[in-house]
Amino acid sequence: MELVIGATGYVGGRLLERLIAEGREVRALVRDPAALETQAAVEVVRGDLASGEGLEEAVRGVSFAYYLAHSMEPGRERDFERVERDCARRFVAVARAAGLERCVYLGGIAPRGRRSRHLASRLAVERILLRGLPRSTALRASIIVGARSPSFRVIVRLVERLPVLPLPAWRDRRTAPVDERDIIECLARTPATRCAEGRSIDVASPDEVTFGELVLRVAEHLGVPRLPLPLPGHHTPISAPIVSRLTGLPVALVRPLMESLESDIVPRDRRAVTEIYGIRTRPLDRAIEHALACWEAEEPLAAR
């Protein structure tokens, strides 16, 4: 039995689809079982990682856990770092008591330079999990390119709705986005991948680009001409509420994502994924085109 914590989130939902398709026994810890569309194929435990409700029941008899929880949501924006650390410590304590030795955590690539609160918190959670459950694995990613990825959706919505794209100083920072299919592949393979135990592994596309280049590449795939407007400074405190309104995503999610753009976020070792999991990550252009095609299959894209 495998446990998914964060099953109603973006990555958790995609992973759940994969595990169910493979016929694996899956249990999910969720606050609202009604929010889980695949209930019939999953053993659902009602609970809350923040309070500990249902956690002991959820880990009982589990051989492996996917820890995909986060606290970037309305009402928790100010103290999300404390909440995330507390949740990780609580999970480790309950897991150890139940004899659960392994989990996989999806966090963020360590930035080269200043660490935003968002990325610093992800790295803190990673340390707690790997120290408490030493046989666990931490996967690290920058922007995940997928139809339901919040960070990718921010970029697409801005390109759709702004004929002139204001690009603050973060436009020159570098990143290596990753196709959601590669993230899901690594997550799904981790329980059977012994050489991933006790390691943190960066997962990224072969392409390294600036954030400005990424935005313009999305515009190219959408087939719309967009004029970049370079701006001095980062402007996150001012621009986050504006971006939230334009994209329809909550400011509690948009602000930490934007703060994370202020440093280079590139992988330490691009060979690790191939050596450990035996896969080659997809090029960025293939990732963008696939994500847009999946998006368009679910809802219209105004720019196309």
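This is a predicted model: local features need pLDDT of at least 70, side-chain atom pairs count only at pLDDT 80 or more; totals for chains, interfaces and linings use all residues.
Reader: How many bridges join strand β1 to β4, and do the two run parallel or antiparallel?

Author: Strand β1, residues 2–5, is joined to β4 by four bridges, and the two run parallel.

Reader: Which residue of β5 stands opposite Tyr66?

Author: Tyr66 stands opposite Val104 in β5. Strand β5 covers residues 103–108, and its pairing with β4 is parallel, over three bridges.

Reader: Which way do the side chains of β4 point, and are they buried or exposed?

Author: The general idea is that side chains in a regular strand alternate between the two faces of the sheet. In β4, residues 64–67, Phe64 and Tyr66 point one way, while Ala65 and Tyr67 point the other way. All four are buried, the cut-off being under 20% relative accessible area.

Reader: Turning to the second largest pocket, what is its volume?

Author: The second largest pocket has a volume of about 320 Å³. Its lining comprises 15 residues, of which Thr8, Gly9, Gly13, Glu37 and Arg148 are the closest to the centre.

Reader: Which helix gives the most to this lining?

Author: Helix α1 gives the most, with four residues. Both α1, residues 10–21, and α5, residues 150–161, supply at least two residues each.

Conventions: Residues are numbered from 1 along each chain as its sequence is written. Side-chain values use heavy atoms; hydrogens and water are left out. Buried means under 20% relative accessible area, exposed over 50%, partly exposed in between (1.4 Å probe, protein chains only). Two strands pair if DSSP finds at least two bridges between them. On a 1 Å grid over the protein atoms alone, a cavity is a set of points where a 1.4 Å probe fits but cannot get out, and a pocket is an open set with protein on both sides within 12 Å along at least five of seven lines; lining residues have an atom within 4 Å of a point. Grid points are joined across faces, edges and corners, and a volume is the space filled by probe spheres set on the points.
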